Amino acid sequence: MSSNALFSANNLGLEYDVAGKMVRGILPCDIIIPESKITIIFGASGSGKSSLLNVISGLQKPTEGSISFRNEDLYKKTKNEPAYFRAHDLGIVYQTNYWVKSLSVLDNISMPLYFQGEAKSSAYKKGKEALDRVDMGEFANKYPILLSGGEQQRVAMARAIISDPAVIIADEPTGSLDSKNGDKIIELLQKLQRESQKTIILVTHNMEYLHVANHLVEVQDGKVTQIEGARISATVKTMLKETQDRINSLMEGGQHETA
């Protein structure tokens with residue numbers, strides 16, 4: 001394993017029960033997530049990306065093998081330690097955000113700190129700083145549900161970084177956005193990695209974003225493959241070409257039908 005690995009998995013595998021039948025979510029694999037880099041986990045819907053992400057984020061114990069964070073097994077901790085890990089070391093941005101509608105942007109993003117016992121004045125101060133970092137400070141007293149999709153995702157990013165976590169997990173954060181707003185979210189993730197040395201784990205099915213990665217993890221039918229170094233560029237070119245070929249084929253098929 002790489003010496004700069006923040007997460008490292010050894011013979012990691014996952015099975016789960018579906019209607020009494022055991023299904024393989026992840027085939028046994030060895031992978032790393034390098035520290036202070038951008039790792040993109042990609043693959044088709046249903047390929048096993050969510051299963052892998054759940055294991056990495058401490059939500060689902062693997063059925064075989066192990067995964068470590070800073071050389072400590074995530075699932076050999078005491079009962080409360082995985083929750084502490086998620087609260088303090090991870091910031092998570094989802095495709096869909098769930099806000100407390102009666103609370104302002106500032107209150108919504110400060111809430112995780114309240115639950116950790118932080119004083120309201122201190123939580124507000126950190127909340128305002130987090131909003132400023134994502135260029136959303138002027139919206140602190142607005143209601144999040146009144147903001148655009150792109151603005152809400154930037155607020156979600158502020159919520160993810162408010163406790164200054166080591167890792168930011170972005171699970172399909174551009175999935176419900178147009179390309180312009182999606183690009184802004186990716187640029188913000190790059191900025192956080194570059195300026196704050198955050199470890200970014202981006203889950204996406206959008207092949208156009210693969211080029212921003214320092215490290216790729218492909219998931220296909222439960223098989224996990226990591227792609228590093230010079231192989232990243234070649235993989236990105238191949239994937240983009242395959243995507244464009246499929247688009248061209250669909251367009252040609254549509255033209256034939258209307259001819």
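User: How many bridges join strand β1 to β2?
Analyst: In this predicted model, strand β1 covers residues 5–18. Strands β1 and β2 run antiparallel. The number of bridges that join them is 10.

User: Which residue of β2 is the bridge partner of Leu12?
Analyst: β1, residues 5–18, is joined to β2 by bridges. For Leu12, the bridge partner in β2 is Cys29.

User: What angle do the ring planes of Phe7 and Phe69 make, and how is the pair classed?
Analyst: A pair of aromatic rings is described by the distance of the centres and the angle of the planes. A search of the whole structure finds 3 aromatic pairs. In the pair of Phe7 and Phe69 the centres are 5.0 Å apart. The planes stand at 50°, between the cut-offs of 30 and 60 degrees, so the pair is tilted.

User: Where in the chain do Phe7 and Phe69 lie, and how many residues apart are they?
Analyst: Both Phe7 and Phe69 are buried. Their pair links distant parts of the chain, with Phe7 in strand β1 and Phe69 in strand β4. The two are 62 residues apart.

User: What kind of aromatic pair do Phe7 and Phe85 form?
Analyst: Phe7 is in strand β1 and Phe85 in helix α2 (residues 81–88), 78 residues apart. Their ring centres are 6.3 Å from each other. The planes make an angle of 75°, over the cut-off of 60 degrees, and the pair is edge-to-face.

User: Which residues do ring pairs link into a cluster with Phe7?
Analyst: Phe7 is buried, at a relative accessible area of 1%. Phe85 is also buried, at 3%. Along with Phe7, the cluster holds Phe69 and Phe85.

User: How far does helix α4 reach from its first C-alpha to its last?
Analyst: Helix α4 (residues 120–133) has 14 residues. At 1.5 Å a residue, a span of 20 Å is expected, and the helix comes close to that. From first C-alpha to last, α4 reaches 20 Å.

User: What arc around the axis do the buried residues of α4 cover?
Analyst: The buried residues in α4 are Ala123, Gly127, Ala130 and Leu131. They are on the same side of α4 because the arc they cover around the axis is only 95°.

User: Which helices are among the elements that cover the buried residues of α4?
Analyst: The face of α4 turned away from its buried side carries the exposed residues Ser121, Lys125 and Asp132. As for the buried residues, what covers them includes α3 (105–115) and α5 (149–161).

User: Which residue just after α4 takes a positive phi?
Analyst: Helix α4 spans residues 120–133. Just after α4, a positive phi of about 60° is taken by Asp135.

User: Which residue meets Lys125 in a salt bridge?
Analyst: Lys125 is exposed, with a relative accessible area of 52%. The N to O distance is 2.8 Å, and the partner is Glu129.

User: What is the N to O distance in the salt bridge of Lys126 and Glu118?
Analyst: Lys126 is partly exposed, with a relative accessible area of 33%. Glu118 is partly exposed too, at 21%. Their side chains meet at 2.9 Å.

User: How many residues apart are Glu35 and Arg70, which meet in a salt bridge?
Analyst: The side chains of Glu35 and Arg70 meet at 3.8 Å, N to O. Glu35 is in the loop between β2 and β3 (38–42), and Arg70 is in the loop between β4 (64–69) and β5. The pair links distant parts of the chain, 35 residues apart.

Key:
Residues are numbered from 1 along each chain as its sequence is written. This is a predicted model: local features need pLDDT of at least 70, side-chain atom pairs count only at pLDDT 80 or more; totals for chains, interfaces and linings use all residues. Side-chain values use heavy atoms; hydrogens and water are left out. Two strands pair if DSSP finds at least two bridges between them. Helices (H or I, at least four residues) and strands (E, at least two) are DSSP runs, numbered from the N terminus. The expected span of a helix is 1.5 Å times one less than its number of residues. Buried means under 20% relative accessible area, exposed over 50%, partly exposed in between (1.4 Å probe, protein chains only). The arc is that of the directions from the helix axis to the C-beta atoms. Contact means heavy atoms within 4.5 Å. A salt bridge is a side-chain nitrogen of Lys or Arg within 4 Å of a carboxyl oxygen of Asp or Glu. Rings of Phe, Tyr and Trp (its six-membered ring) pair if their centres lie within 6.5 Å; planes under 30 degrees apart count as stacked, over 60 as edge-to-face and the rest as tilted.
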